[in-house]
Amino acid sequence: MSHLFYQGRGRKPVLDQARGVYMWDKDGRRYLDGSSGAMVCNIGHSNPHVLAAMQRQMEKSTFGYRLHFETEASEKLASRLVGLMPEGLSKVFFVSGGSEAVESGMKLARQYALAVGQGTRWKVISRAPSYHGCTLGALATTSYGPLTVPFEAMLRPMPKVPAPRAYLDGLDPDDPATGRHYADTLEAQIRAEGPETVLAFLLEPVGGASTGALVPPEGYMEAVREVCDRHGVLLIMDEVMTGAGRTGAFLGCEHWGTRPDIVVMSKGLGAGYAPLGAMIADERLVDPVLEAGGFAHGFTYAGNPLACAAGLAVVDEIERQGLCENARTMGEKLIARLHGLMQKHEIVGDVRGKGLLTAFEFMADRDSKAPLPKALNAHQRFVDIAYANGLIVYSRRTRDGVEGDHILVCPPLILTDTHLDEIVEGLDISLSQFAAELA
Ligand code: PMP
């Protein structure tokens, strides 16, 4: 009997080893990690350079409390990250995960507003559906019913605007008017709230778990930046899933040349080697906060030297192996192959993504875009079938968290053509089995 509990789902196999894109359980069964854990293991499992860097750090020190010591590892990683950020984002605050990074960004924005005499600003507008973390602050900006509803009484409600799902709204994603339309919705919300109350807009550049690799329509990112500037609203880019090369650039927002005020990262930065996250902010936000007495926020494990040494080696490996480029080229191949599967399997209603953040969505009817009935729990059933076929994929129910199912296919960025064939074959077999079950 296990004493562990997470989110239900019964017993899972016990992990034994993981190397590259493969994982083995204690019974010797092999799985292809087609989701990089939860879009975490971007550089693959057991990378020897990262393990060696961690070993070297472990032999020196494993902990230095941030209020007692700076560490070489955290200083080096901070300056490395700043070199990869849009200009001006030069202040780094380390944390241990994505929710902590999001909360840190929200709190820095709030303290900045206070420091510059804009204390009426506190609302962080986000999108529906969205996922920004499970701590209460990050959850207030999350729009995903199954995770938010039980805690509504404990949450300070934050405004939401619709995520730009052109494919469901019958709009052309390649028409800049579509991007403008969704940015107008944001502007209308800011006006309705009263711009003097709005602190920030929080978004993922490419929607991750909540919307299933949703790429923004043409013109959206640019228009969003303009709207925020017009109303003195800060732009917080949640790169927890998209960062560290996942979409084919180090940051997802680079594809549109967007300059956020704050970037938050985690998953692919520690890449499964260490719990690590970072909030990287424009210095013009940080300086007034420090002058006004300091940032009233922090976590005990922040800047942990072992985690930072791992993070630094991960960034080295992303660059050394050209993993952003590989994510771009392999992502294009994967999307093309997913379109092939869509032609073959009627149940696949949409294919989308950027780099190796890709997904397909199940639909009962492609013309009306009707989802499969919720009772089928299709996304979970498909994950189980793929799992039995030795392929790990990640799934969620989308469409405001109540209906519609998507499957994220997000393998490590070290993917080769042989791995790609194996993934597509696993998906093909699993889709046939699933369709047969539904027939
Ligand atoms: N933001 C995004 C976009 C995420 O995908 C996640 C995790 N799925 C988080 C924040 C929260 O990260 P963590 O689970 O590490 O707290």
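This is a predicted model: local features need pLDDT of at least 70, side-chain atom pairs count only at pLDDT 80 or more; totals for chains, interfaces and linings use all residues.
Residues are numbered from 1 along each chain as its sequence is written.

Entry on the core. I call a residue buried if 20 or more other C-beta atoms lie within 10 Å of its own, exposed if 12 or fewer, and partly exposed in between, with C-beta atoms placed from the backbone. A nonpolar core is then a set of buried Ala, Val, Leu, Ile, Met, Phe, Trp, Tyr and Cys residues joined through C-beta atoms within 7 Å. The largest such core holds 131 residues, and Met 279 is one of those that touch the most other members, along with Ala 109, Ala 200, Phe 201, Ala 278, Ala 310 and Val 314. Helix α12 (residues 305-320) gives the most to this core, with 10 residues; I take helices (H or I, at least four residues) and strands (E, at least two) as DSSP runs numbered from the N terminus. At least three residues of this core come from each of domain 1 (15-47 + 322-438) and domain 2 (49-320), the bounds being those of an automatic or database domain assignment.

Entry on the domains. I find the C-alpha centres of domain 1 and domain 2 to be 25 Å apart, and the contact takes 34 residues from domain 1 and 36 residues from domain 2. On the side of domain 1 that touches domain 2, at least two residues are supplied by each of α1 (36-39), α13 (323-344), β11 (348-354), β12 (357-362) and β15 (405-409), and α13 gives the most, with five residues. By class I get 14 nonpolar, 12 polar and eight charged residues on that side, counting Ala, Val, Leu, Ile, Met, Phe, Trp, Tyr, Cys and Pro as nonpolar, Asp, Glu, Lys and Arg as charged, and the others, Gly among them, as polar.

Entry on β9. I count two strands as paired if DSSP finds at least two bridges between them. Strand β8 (residues 234-238) runs parallel to β9 over three bridges, with Ile 262 as the bridge partner of Ile 236. With strand β10 (residues 277-282), β9 pairs in the antiparallel sense over four bridges, and there Ile 262 stands opposite Ala 281.

Entry on β15. Five of the five residues of β15 are buried; Asp 405, Ile 407 and Val 409 point one way, His 406 and Leu 408 the other. Five bridges join β15 to β12, antiparallel, and four join β15 to strand β14 (residues 394-397), also antiparallel. Ile 407 is the bridge partner of Phe 360 and also that of Ser 395.

Terms used: Two residues are in contact if their C-beta atoms, placed from the backbone, lie within 7 Å.
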